[in-house]
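Subject: Structure for your review

Dear colleague,

Please find below the structure that I am handing over to you. My notes on what was found in it follow directly after.

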Amino acid sequence: MNDQSIAIAHGNYLERGGAETLSDELARTFDAPLYYGFGSDEHVSDDVDARSLYEDSPFSAVKQSVFLRDLYYAWNAQRIPELTDYDVVVLSKNELSWYVPEDEQVVVHYTHSTPRVPYDLFQQRANSVFSRLYAFVARTMFLPNTKFPDKFVANSELVARRLRRYWGVPDEKIEVVYPPVNVDQYESRETRDYYLTYSRLISEKRIDAIVRAFEGLDAKLVVGGAGDERESLERLAPENVEFVGYMSEAEKIRRLGEAKAVVFNAMNEDFGIIPIEAFASGTPVLGVNEGYTKYQILDGENGLVHDPDPASIRDSIEAFEREGVEWGADEIATFAERFGTDRFREEMREVVENAVEAAEIDPHAKQTTVEQL
């Protein structure tokens, strides 16, 4: 593929999360520039050639509103002259999927999920007239974009099912490549007497149920992360719950290695990096029995599963206190190796190479067929 010019195109870099980490890794994998919509270079790794498409626009203030931001992408991302000279564009996330590719340009779309509220979370989240209208418009307007990519890459088998169900993408256009986790940076440490949960403190992560579960338990919980719900969570937390705020990478690695277990309760997660980081640290996960989380946890072996409510989480913690899990730290860490960065790079190179090969046009194919007749 040395003769193919490649660009990576990502939606927002307004914060640093799993999708942003993955897009950085795509840029490294293909030694390619990374174009993004709104955001800041401060959320991009220093070794990545990042180029903002819209941050200097006089309309950049729309990024403060999810609704206006989506409208802006729907109109402006159709035409992105900066991308037209590349042979291959690898899209990450959905915001720039409005882009209409050049005739022979190859597009590979790494899909973290179909939009959540219009589809898999519609029954749980579309509880107002505005949210239902937004979901309807999003479903109606976005569907034509799903015809553009040569290949879709889903971050899990669950998202592959969403691609088939909600967007009608045929099986032959879908590959599953798990997100990259730098498993080598994590390590098991001497176990300390506390459980750990961390993420953005937003409603979809359902940290409130975890906090309530520790009411009356003879066990300690450490909550890492920042977000809109921190103050309300602190108000309802019992004395055995400690909030440590945003954790640096070093602190996160330390706490993952020494926690008794990680408690994870995110709503219908499409993949979930946090359980893999815990496993790479040799630490069991007490995770919710839904989304892709229930497939990551082998119940009783590398963790335990629970329902999302406080009572079920409390039962899971008490069962772990009594019995633990079958696997030791080394076996749990070995399980995480299948999600490593080297594996991600190899599989993504193969997907793009195959997409380029399948898109090649042979002008002599018809002529040869006619001659054979």
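Strand β8 (residues 195–198) is covered on both of its faces: Tyr195 and Thr197 on one side, and Leu196 and Tyr198 on the other, are all buried. Here, buried means under 20% relative accessible area, exposed means over 50%, and partly exposed lies in between, with a 1.4 Å probe and only protein chains taken into account. Strands such as this one are DSSP runs of type E with at least two residues, while helices are runs of H or I with at least four, and both are numbered from the N terminus. In a regular strand the side chains alternate between the two faces of the sheet. β8 pairs with strand β9 (residues 221–224) in the parallel sense over four bridges, and Tyr195 stands opposite Leu221 in β9. Two strands are said to pair if DSSP finds at least two bridges between them.

Please note that this is a predicted model, in which local features need pLDDT of at least 70 and side-chain atom pairs count only at pLDDT 80 or more, whereas totals for chains, interfaces and linings use all residues. Residues are numbered from 1 along each chain as its sequence is written, and side-chain values use heavy atoms, with hydrogens and water left out.

Which strands pair with β1? One is strand β4 (residues 88–92), in the parallel sense over five bridges; there, Ser92 is the bridge partner of His10. Another is β2, also in the parallel sense, over three bridges, with Ile8 opposite Leu34.

I turn next to the salt bridges. How many salt bridges does the structure hold? There are 27, a salt bridge being a side-chain nitrogen of Lys or Arg within 4 Å of a carboxyl oxygen of Asp or Glu. In one of them, Arg16 meets Asp24, with the closest N and O atoms 2.5 Å apart. Arg16 is partly exposed, at a relative accessible area of 40%, whereas Asp24 is buried, at 0%. Arg164 and Asp171 form another salt bridge, with 3.4 Å between the closest N and O atoms. Arg164 is partly exposed at 38% relative accessible area, and Asp171 is partly exposed at 48%. Arg230 and Glu234 also meet in a salt bridge (3.2 Å, N to O). These two residues both lie in helix α7 (residues 230–236), four residues apart, which is about one turn of the helix. Salt bridges that share partners also join Glu25, Arg28, Asp47 and Arg345 into one network.

Two kinds of surface patch were found. Patches are made of residues with over 30% relative accessible area and no salt bridge; like charges are joined within 9 Å, and nonpolar side chains (Val, Leu, Ile, Met, Phe, Trp, Tyr) within 5 Å. Accessible areas come from the Shrake-Rupley method with a 1.4 Å probe, and for residues only the protein chains shown count as cover. A patch of negative charge includes Asp3, Asp87, Asp184, Glu337 and Glu360. Asp and Glu count as negative and Lys and Arg as positive, while His and the chain ends are not counted. The place of a charge is taken as NZ of Lys, CZ of Arg, CG of Asp or CD of Glu. Glu360 lies in the loop between α13 (341–359) and α14 (365–372) and is exposed, because its relative accessible area is 58%.

The nonpolar patch consists of Phe67, Leu68, Leu71 and Phe130, with about 380 Å² of accessible area together. Helix α2 (residues 66–76) gives the largest share of this patch, three residues. Phe130 is found in helix α4 (residues 129–142) and is exposed at 53%.

Finally, two residues deserve a look for their backbone angles. Most residues other than glycine have a negative phi. Asp31, however, has a positive phi near 50°; this residue lies in the loop between α1 (18–30) and β2 (34–36) and is exposed at 73%. Asn268 likewise has a positive phi, of about 45°. Its place is the loop between β11 (262–264) and α9 (273–280), and Asn268 counts as buried because its relative accessibility is 19%.

With kind regards
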